[in-house]
Amino acid sequence: MTIRAAHILATCTVAADRVQADGASGRVEHALAAPFDIGSVPGLFSMPVKNVGRFPDNAKATCAACALLLRAAGIDRGPETTHDIAVLSAGFEPTAAMNAAFFRDYVEGGRSLGRGNLFIYTLPTSALAEASILLGLTGPSFYIEAGADPWLELVETGRCLVDSGRVPQAILLWWRDDHLRAALVAPETMHSPSA
Amino acid sequence: MNPVIAYADAISPCGRGVDACWSALLAGRSAIRPDAPWARDAFITKNAAWIPDVDHGVRSRLLGMLDPMLDAVAETTPPDAGLLLATTTGEIDRLEKHVLAGDFDAAAGSADPAGLLDVVRRRIGVEGPCATVSAACASSSVAVIQAVEMIRAGRCEAVLVVAGDALSEFVFAGFSTLMALSPGQARPFDRDRDGLTLGEAAAVALVLSAERAEREGLSPLAEVCGWGIASDANHMTGPSRTGDGLARAVQDALHSARGAPSEIQSVCAHGTGTVYNDAMEMKAFKLVFGASPVPVYSIKGATGHTMGGAGLLELLIAIRSLREGIVPACVGLNTPDADAAGWVTTAAQEAASDASLVLSTNSGFGGVNSAVILGQPGRVS
């Protein structure tokens, strides 16, 4: 009998002024000159990322975190490469702020027309979608937030996805207090002591 | 044994209960009407499908929609059940009120779905794991999938899924801005379709392990036999032009159901009525089913696009189709698009007797695709 459990391949944090990641390929640390200026991180993306500068901060952070995790875990990030990797997130603050920004802008504009480039970020999964598009992540992608312990719920959900063989890896992202905490998990096979 | 759905309820613009929606579909009756109170003159249309007589005495329109269903489902839901709330914009009318009053500080956190989750949790009285789930317009089908996985992983034996989204000026303004709305009425899979029509709905479903359903004395409505979720990784608002993301979700669902394409009796498609969504879906279905057409229908010509509530409402209609052995017509469809001809249903029809599964699919902003396969209780795969 074997028990499969999640194995953490890489971890990272992305804040306004710095990024940091750890994994089998080593540690990456980089100070950001401007808030969430992720385009300045050397070698972070293997493709042109000119549009990223227009993303809201949490989408920038999400793209950076996913790219850092793949790099730290030694996973190929070529421009034509896709990965069957799940992307799950928690943390409602960026969505709440974008919802308020979109509707305030619409009201102050005379309640006739909103801005599409604000509206598309009013979903909790918008940042995940940007990262999936940028990095070719084609696995399940959704937001799941448990009030009591959001990180534990993310880990449990990600563990279930990799443990059941649905996807080989899952990226977990938790936005809290203006920074993003993230991990890349994969299945790990270990022998039960009672086997 | 597969987890089962053993209790369900819904409210939609067609009326209270799954029966009301089912009857409207069989009658070819649409609940889309003019002069939605949230629409402004500058919007592309004022047409929408909304629920009349929602109690606004509660904290939000969405809770007002859910409220009539909560007491009954509380009686059926075991106290150790988990709870998943699926929504996209949740209680967005609370945020609207703050912004319109100029109280911007209070606005941001006022529509956090965690607040509604807590209200529902206390009303139902459950003590199991609770979470909000959001995956754009696939939110509630993804929540059902998550409920199934929580049960399979042994985290709990029962999970109540509560889903819905309410119409609002916020949503109307956003979809109008994106030029996604039909100036007239949604006509899914029609040659002349020109956009979606907004709607609203709420639904509940109790998902249990088959063993727990039996112990509770609950008769399953259907088994959740398989599921798949896949991302297009293609575009923020537009679907994949190839349909490969949805095709992968359906193929994963078939694989996990240990089912063959020939076992699918009918498909309750997302079918929004936009040119690109419906074309993408037909490409995906042809990738999966090849040259053997399977009856495909969408309910959005009757209910409008009910956003976060769509997945669960459509799943409950798919279950009804399975149990009745009838595939409903695609309401609003006049002339099938060339890609959809021979697949989409122009009139209600008897389901094929040699197929035993139904498929429900959803796709949403950001390229998320979900597929759920349902079967009669006790199906042997």
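Three salt bridges cross the interface of chain A and chain B, a salt bridge being a side-chain nitrogen of Lys or Arg within 4 Å of a carboxyl oxygen of Asp or Glu. The model is a predicted one, in which local features need pLDDT of at least 70, side-chain atom pairs count only at pLDDT 80 or more, and totals for chains, interfaces and linings use all residues. Residues are numbered from 1 along each chain as its sequence is written, chains are lettered from A in the order in which they are written, and side-chain values use heavy atoms, without hydrogens and water.

Glu153(A) forms a salt bridge with Arg155(B). Both residues belong to a network of salt bridges that also links Glu156(A), Arg159(A) and Asp163(A). On the side of chain A that touches chain B, α2 (93–108), α3 (116–119), α4 (126–135), β5 (141–145) and α5 (150–163) of chain A each give two or more residues. Helices (H or I, at least four residues) and strands (E, at least two) are DSSP runs, numbered from the N terminus. The largest share, nine residues, comes from α2(A).

In total, 47 residues of chain A are in contact (heavy atoms within 4.5 Å) with 52 residues of chain B. The two chains bury about 4,100 Å² between them, 67% of it on carbon and sulfur atoms; this is the accessible area (1.4 Å probe) that two parts lose on being put together, summed over both. Phe103(A), Phe119(A) and Arg166(A) supply 17% of the area that chain A buries against chain B, more than any other three residues.

The structure holds 30 salt bridges over all chains.

| Pair | Distance |
|---|---|
| Glu153(A), Arg155(B) | 2.8 Å |
| Glu91(B), Arg59(B) | 2.7 Å |
| Glu149(B), Arg152(B) | 3.6 Å |
| Arg193(B), Asp278(B) | 3.7 Å |

Arg193(B), in the loop between α7 and β6 (201–208) of chain B, and Asp278(B), in helix α10 (residues 275–289) of chain B, are 85 residues apart. Arg193(B) and Asp278(B) are both buried, where buried means under 20% relative accessible area, exposed over 50% and partly exposed in between (1.4 Å probe, protein chains only). Glu91(B) counts as buried at 1% relative accessibility, whereas Arg59(B) counts as partly exposed at 28%. Glu149(B) and Arg152(B) lie three residues apart in helix α6 (residues 139–152) of chain B, about one turn of the helix.

Helix α7 (residues 169–177) of chain B is largely enclosed by the rest of the structure, because nine of its nine residues are buried. They pack against α2 and α3 of chain A together with α3 (92–100) of chain B. Just after α7(B), Met179(B) has a positive phi of about 60°.

The largest nonpolar core has 104 residues, and Ile264(B) and Phe289(B) are among those touching the most other members. Such a core is a set of buried Ala, Val, Leu, Ile, Met, Phe, Trp, Tyr and Cys residues joined through side-chain atoms within 4.5 Å. Another core, apart from it, has 75 residues, including Ala73(A) and Ala39(B).
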